[in-house]
Amino acid sequence: MQGTRSFRFRASLPLYVLLVIAAFQISIFPMSVSAYSCLSVHCYSKTRWAGYARGSYTAIYIVHISDSDVAGNRIDNETWLLDPNGPGQCNGLCWVEAGYTFVSGGNFSGGQGYERLFYAEQNPVSGFSELVDFTALYPGIYPGDYYGMAGIAIRQDATQSYFYTTIQTPTGSYGHYSSNQFNPSVNGGYTFNANFIDSGQELSGQNGGYSDPASWNSNIWIAPDYNGYYQTTPVDQYNPGNSSDVNNPPTNGYWSTYPGQPNSYGGTRVTYTCC
Amino acid sequence: MLLSSMRCRKGDKPVHGKRFVSVAIGIATLIVLGVTVALLQVPRNAQAAVSPVPYTTTTAGATVLLPTVGALPSPYPPFPSGPPPTRPAQLPAVTGGPAIVTTINQNDATLPAFTAQDAADYATMHPPDQAFGRPTTVTKVSFLTASDMATQRLPEIPGPPSRLICIVEFSGQFTVSAPGYTRTSTVAREFYDARTGNYLGVNIP
């Protein structure tokens with residue numbers, strides 16, 4: 001009997017060891033790892049150009065992006081037109097933005113769990129809004145779009161009352177008017193002056209974001225006469241090891257943006273595989 | 001350990017079944033050990049192991065490596081010339097995405113096709129993603145025409161002025177971000193087409 005017990009113990013020993021190793025693995029490889037800290041303040045890998053403009057253009061390489069984080073976190077490859085003197089509900093910054101996004105799935109309001117084009121704005125009357133139209137204006141990215149370019153132009157009209165955003169992908173062309181709440185006659189007299197153009201990647205959440213290497217090409221600023229000029233000198237961009245000139249880069253994001261070559265053609269900004 | 005598990009003591013009865021189980025467990029242990037060692041060699045972030053290096057450039061005196069982006073298509077989509085088209089006084093209606101199931105007033109286009117409770121129930125389960133998982137509460141459901149919304153500093157919903165919109169208001173913590181900018185509001189709104197139940201968008205005032 002004693003021998004049988006001893007054999008049982010010895011036979012079971014590997015099982016105990018197995019359990020200990022499994023517990024060790026779970027402890028060092030948990031299901032959810034906080035890979036970056038972009039929850040309350042989002043992370044950006046982007047380039048900024050300063051100077052008064054009537055609009056902007058960039059050609060964004062369409063790559064696969066995804067986000068498995070919970071709670072509607074997202075990753076976007078996009079461009080912004082910004083006015084840092086936004087009154088009222090702009091709370092200091094009015095903007096329009098457009099690009100493509102992946103919002104993590106779950107029981108949220110809509111448009112989650114797949115790559116899609118998007119447009120959003122913050123205006124002085126109603127604040128931030130993102131309207132969605134999954135079937136017409138801003139559909140999903142189609143298979144034929146990947147590894148092609150999304151040409152995104154944001155143009156303000158001559159009276160500076162609204163914006164018209166166009167997105168041209170390999171499979172389609174889309175146009176979108178901003179709300180009328182950028183119109184000075186509607187918003188109480190405020191005129192949006194586009195003083196900054198940003199292009200790059202936005203990330204929210206703590207883990208699960210992913211992007212293939214992306215790039216922003218043929219970056220152009222649009223003058224009040226609607227002529228376009230290639231961007232030359234960015235005022236702000238993320239350089240490795242220098243976190244002071246970027247807006248909260250992810251600690252483990254492996255993001256970087258560099259002036260491309262030739263810089264005289266608007267440059268090429270590259271975002272390394274995220275995250 | 002594996003060897004010891006295979007060894008029998010003198011006088012033990014042959015126990016081939018037990019020995020087989022013991023050997024199997026031992027082999028499994030070795031496999032798990034191997035996987036553990038392999039995992040320890042991999043960086044936490046697997047993408048970090050991706051090799052960059054297609055070409056180099058120099059920034060501020062330092063040579064940096066640029067990741068490859070593959071062969072970029074050329075030419076780029078054309079840069080649109082000239083001013084944008086004139087904005088129509090009335091924008092085409094956005095149809096949105098399927099959301100609330102319509103249950104009432106199917107044949108009367110002037111009335112909502114679902115109840116305020118239907119909207120609250122749906123919205124409770126589908127809060128704005130700007131909450132980022134924080135708790136939210138539906139505080140108000142109202143039905144307004146698009147023209148009524150314009151007088152109340154609500155977002156402009158494209159479509160005819162008579163278009164009936166369901167507005168669901170939430171309390172909670174809702175974060176809006178742009179480069180170098182973050183603000184948190186205690187109010188958020190979702191908009192639904194009151195006739196189709198489709199989700200139209202979100203607003204953080």
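**Confidence first**

I began with chain B of this predicted model, where the mean pLDDT is 75 and 63% of the residues reach 70 or more. For my own record, pLDDT is the predictor's confidence in each residue, from 0 to 100.

I then asked where in chain B confidence is lowest and where it is highest. Helices (H or I, at least four residues) and strands (E, at least two) are DSSP runs, numbered from the N terminus.

Ground rules, friends: residues are numbered from 1 along each chain as its sequence is written, and chains are lettered from A and ligands numbered from 1 in the order in which they are written. Local features need pLDDT of at least 70 and side-chain atom pairs count only at pLDDT 80 or more, while totals for chains, interfaces and linings use all residues; side-chain values use heavy atoms, with hydrogens and water left out.

**Strand β8 of chain A**

Next I asked how many residues of strand β8 (residues 149-156) of chain A are buried. I found 8 of the 8, so the strand is largely enclosed by the rest of the structure. Buried means under 20% relative accessible area, exposed over 50%, and partly exposed in between (1.4 Å probe, protein chains only).

In a regular strand the side chains alternate between the two faces of the sheet. In β8(A), I saw A:Met149, A:Gly151, A:Ala153 and A:Arg155 pointing one way and A:Ala150, A:Ile152, A:Ile154 and A:Gln156 the other.

Strand β2 (residues 55-61) of chain A runs antiparallel to β8(A), joined by 7 bridges, and A:Ile60 stands opposite A:Ala150. Strand β9 (residues 163-169) of chain A pairs with β8(A) in the antiparallel sense over 6 bridges, with A:Gln156 opposite A:Phe163. Two strands pair if DSSP finds at least two bridges between them. β8(A) and β9(A) form a hairpin with 6 residues between them, and A:Gln160 in the turn has a positive phi of about 55°.

**Salt bridges**

I counted a side-chain nitrogen of Lys or Arg within 4 Å of a carboxyl oxygen of Asp or Glu as a salt bridge.

A:Lys46 and A:Asp198 form one, with their closest N and O atoms 3.7 Å apart. A:Lys46 lies in strand β1 (residues 38-53) of chain A and A:Asp198 in strand β11 (residues 194-205) of chain A, so the pair ties together parts 152 residues apart in sequence. Both A:Lys46 and A:Asp198 are buried.

A:Arg74 forms another with A:Glu130, at 3.4 Å. A:Arg74 has a relative accessible area of 8% and A:Glu130 one of 4%. A:Arg74, A:Asp76, A:Arg116 and A:Glu130 are linked in a network of salt bridges.

In chain B, B:Arg87 bridges to B:Glu156 at 2.6 Å, and both are buried.
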